[in-house]
Amino acid sequence: MKRTIEADLLTDIMLMIFRINGRLLDGGDRLGAPLKLTSARWQVLGAISLSSGHVAVPAIAEMMGMTRQGAQKQVNKLEEDGFVERRPNPRHQRSPFYVLTPQGAESYARISALHTGWANALARGLDAPELQAALDLLSRFDQRLALDATESEERK
């Protein structure tokens with residue numbers, strides 16, 4: 001079977017996403033280093049902060065596109081270092097909720113401010129409508145990947 005032109009282009013986009021992901025992780029690690037945050041830890045802090053309250057590890061993993069094991073590993077490190085604390089989950093005793101500690105909230109606010117400067121610098125000279133079109137395309141691609149994963153699970 002031969003790939004279509006669209007499939008070739010989509011493959012090129014996938015490869016570009018992998019490259020960009022690596023660069024984003026490296027940049028995030030550099031930004032977070034003074035705050036003792038890696039990109040992974042920053043992601044988890046963000047998920048907890050954006051959850052508007054208590055959140056369990058499975059929800060963190062889903063929000064950030066991580067495995068549950070990966071999210072749990074980061075939550076454990078963040079808890080060890082005083083960035084988050086666990087709270088009882090009345091609906092699931094073995095899956096506690098996590099909330100930011102004052103130290104975690106301060107660190108998240110500081111990394112968010114650093115991110116704003118970084119994002120503004122990276123966005124300089126880029127066109128808002130083109131960025132919106134890229135976001136729309138990536139969102140549609142994400143939806144197709146999610147549907148494919150669901151259909152794949154159903155075929156098992």
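A residue counts as buried here when its relative accessible area is under 20%. Keep that cut-off in mind while looking at this predicted model. Thr 101 comes in at 10% relative accessibility, so it counts as buried. You'll find Thr 101 in the loop between β3 and α5 (102-123). Leaving aside residues up to four places away in sequence, Thr 101 touches Gly 82, Phe 83, Val 84 and Glu 85.

Now for the sheet. It is open and has three strands, in the order β1-β3-β2, with antiparallel pairing. Here are the strands:

| Strand | Residues | Pairing |
|---|---|---|
| β1 | 55-56 | edge strand, pairs on one side only |
| β2 | 84-87 | edge strand, pairs on one side only |
| β3 | 97-100 | antiparallel with β2 over four bridges |

Arg 86 stands opposite Tyr 98 in β3. Helix α2 packs on this sheet and touches β1, β2 and β3, and its direction makes about 95° with that of β3.

What does α2 meet in α4? On the α2 side there are Ala 40, Arg 41, Val 44 and Leu 45, and they meet Gln 74, Val 75, Lys 77 and Leu 78 in α4. Sorted by class, that contact has five nonpolar, one polar and two charged residues.

As for geometry, two packed helices are described by the angle and the distance between their axes. The axes of α2 (residues 39-50) and α4 (residues 68-80) come within 9 Å and cross at roughly 85°. The two helices are therefore roughly perpendicular to each other.

Technical notes:
Residues numbered from 1 in each chain as written. Predicted model: local features only at pLDDT ≥ 70, side-chain atom pairs only at ≥ 80, totals over all residues. Heavy atoms only, no water. Axes fitted to C-alpha atoms, helices over the stretch in contact; angles between N-to-C directions. Parallel < 35°, antiparallel > 145°, perpendicular 65-115°, else oblique. Contact = heavy atoms within 4.5 Å. Nonpolar A, V, L, I, M, F, W, Y, C, P; charged D, E, K, R; others polar. Pairing = 2+ DSSP bridges. Buried < 20%, exposed > 50% of the residue type's maximum accessible area, 1.4 Å probe, protein only.
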